[in-house]
Amino acid sequence: MLEIALAHRFEGFTLDVAFAAPPGITVLFGRSGSGKTTIVNAISGLLRPDAGRISTADAVLLDTQKGIALPPHRRRIGYVFQEGRLFPHLTVRQNLRYGAWFAPKDAPREDLGRVVDLLGIGHLLERRPSALSGGEKQRVAIGRALLCAPRLILADEPLASLDDARKAEILPYLERLRDETAIPIVYVSHSASEVARLATTVVVLERGHVVRKGSAAEVMGDPAVTPTGAREAGAILAARVARHHEDGLTELDAGGETLLLPRLARPPGAAVRVRVAANDVLLARTRPEGLSALNIIEGVVAEVRTGEGPGALVALDTAAGRVLARITRRSVAALALAPGVRAFAVLKTVAIAAADVGAGDAAPRSANGDPLA
Ligand SMILES: Nc1ncnc2c1ncn2[C@@H]1O[C@H](COP(=O)(O)OP(=O)(O)OP(=O)(O)O)[C@@H](O)[C@H]1O
């Protein structure tokens with residue numbers, strides 16, 4: 001477990017944060033200027049904060065009270081940046097070995113073969129970076145970060161410079177990294193859909209402070225958490241693939257509720273997390289009939305959040321989990337939606353994009369990474 005407490009002042013900006021990053025991906029989520037890069041720089045050792053302590057399972061990287069501040073090269077951090085930053089004159093295999101070169105002899109090492117399998121880069125080993133696509137470069141960069149026997153991995157907006165197709169190519173590998181290694185990953189993002197796909201834990205930052213932290217499902221289901229605007233809000237449901245239908249649909253079981261989605265390339269039984277964008281959910285007070293939408297889930301309104309504009313975010317607790325709906329304030333009034341009121345969420349099957357369905361469950365986890373009972 002990585003533990004971080006930092007305090008630092010720039011002219012006009014004060015950072016004061018404390019959070020833990022258990023195994024898995026901890027996303028630092030917040031709008032521009034909220035302090036994400038400052039935290040990353042303090043972890044990597046590029047910034048010496050006014051006060052703070054950063055420790056991993058086996059080392060103290062920083063403790064200003066005790067006068068400890070390991071230099072960057074001794075922190076054993078694996079980096080994944082926006083652009084892969086591979087060495088152009090080295091082959092993929094040599095770039096990967098370069099990571100291992102810096103691993104101390106007594107450190108627990110990842111096996112090159114395992115990393116190559118994990119990232120699906122076996123066929124690229126003899127190529128140079130100029131002969132790789134952006135997505136392939138990024139997979140190699142992740143491999144190199146893994147092979148330096150890191151105590152933690154820092155990923156600073158690693159997908160920001162890729163188009164949607166390349167992002168979709170890398171996301172499954174980041175999911176595998178999250179699910180198949182025990183290394184804490186601190187991941188900076190301002191994309192709600194990336195948070196939904198990848199985060200084990202989310203730390204929401206606002207003006208240098210942590211305003212919310214918790215599991216991805218808890219945080220993204222909170223209508224107050226909209227650093228990227230209510231338009232991008234969306235809850236995450238944990239589900240399992242129940243079966244595939246002949247007409248191209250996949251049936252999910254989400255806490256006993258059935259969800260139908262366009263076909264997913266995952267086998268029956270697989271755990272998935274589904275991001276349901278608040279914009280794609282309608283609400284009704286009685287169970288709608290004669291409707292083309294296939295997904296209708298009953299629940300109880302937990303919270304209604306209105307802002308300055310005409311919109312409102314309504315949180316509905318259902319057997320499938322927390323669902324968010326973005327509707328107008330006028331509809332909130334017309335349907336008399338208020339906490340405790342029973343309502344039905346209507347979700348169009350085709351509204352759920354394949355990119356919004358990820359591997360793994362989104363249920364809250366305990367500090368050691370086990371699912372909570
Ligand atoms: N070296 C510095 N000197 C003075 N102010 C700084 C310095 N570095 C950052 N800041 C200020 O600290 C605040 C937080 O910046 P930071 O780069 O950490 O935000 P961020 O969340 O990473 O933003 P972005 O998403 O745009 O990268 C900003 O107001 C920034 O102007």
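Visitor: How many helices and strands does the protein have?
Guide: The protein has eight helices and 21 strands, where helices (H or I, at least four residues) and strands (E, at least two) are DSSP runs numbered from the N terminus. This is a predicted model, in which local features need pLDDT of at least 70, side-chain atom pairs count only at pLDDT 80 or more, and totals for chains, interfaces and linings use all residues. Residues are numbered from 1 along each chain as its sequence is written.

Visitor: Which domains is the protein divided into?
Guide: Domain 1 covers 2–220 and domain 2 covers 234–285 + 294–349; these bounds come from an automatic or database domain assignment.

Visitor: And how many residues does each bring to the contact?
Guide: Domain 1 gives six residues and domain 2 gives seven, with contact meaning C-beta atoms, placed from the backbone, within 7 Å.

Visitor: Changing topic, which residues surround the ligand?
Guide: Among them are Phe 10, Glu 11, Lys 36 and His 190, and near means a C-beta atom, placed from the backbone, within 6 Å.

Visitor: Which helix gives the largest share of that shell?
Guide: Helix H1 (residues 36–44) does, with three residues.

Conventions: Two residues are in contact if their C-beta atoms, placed from the backbone, lie within 7 Å.
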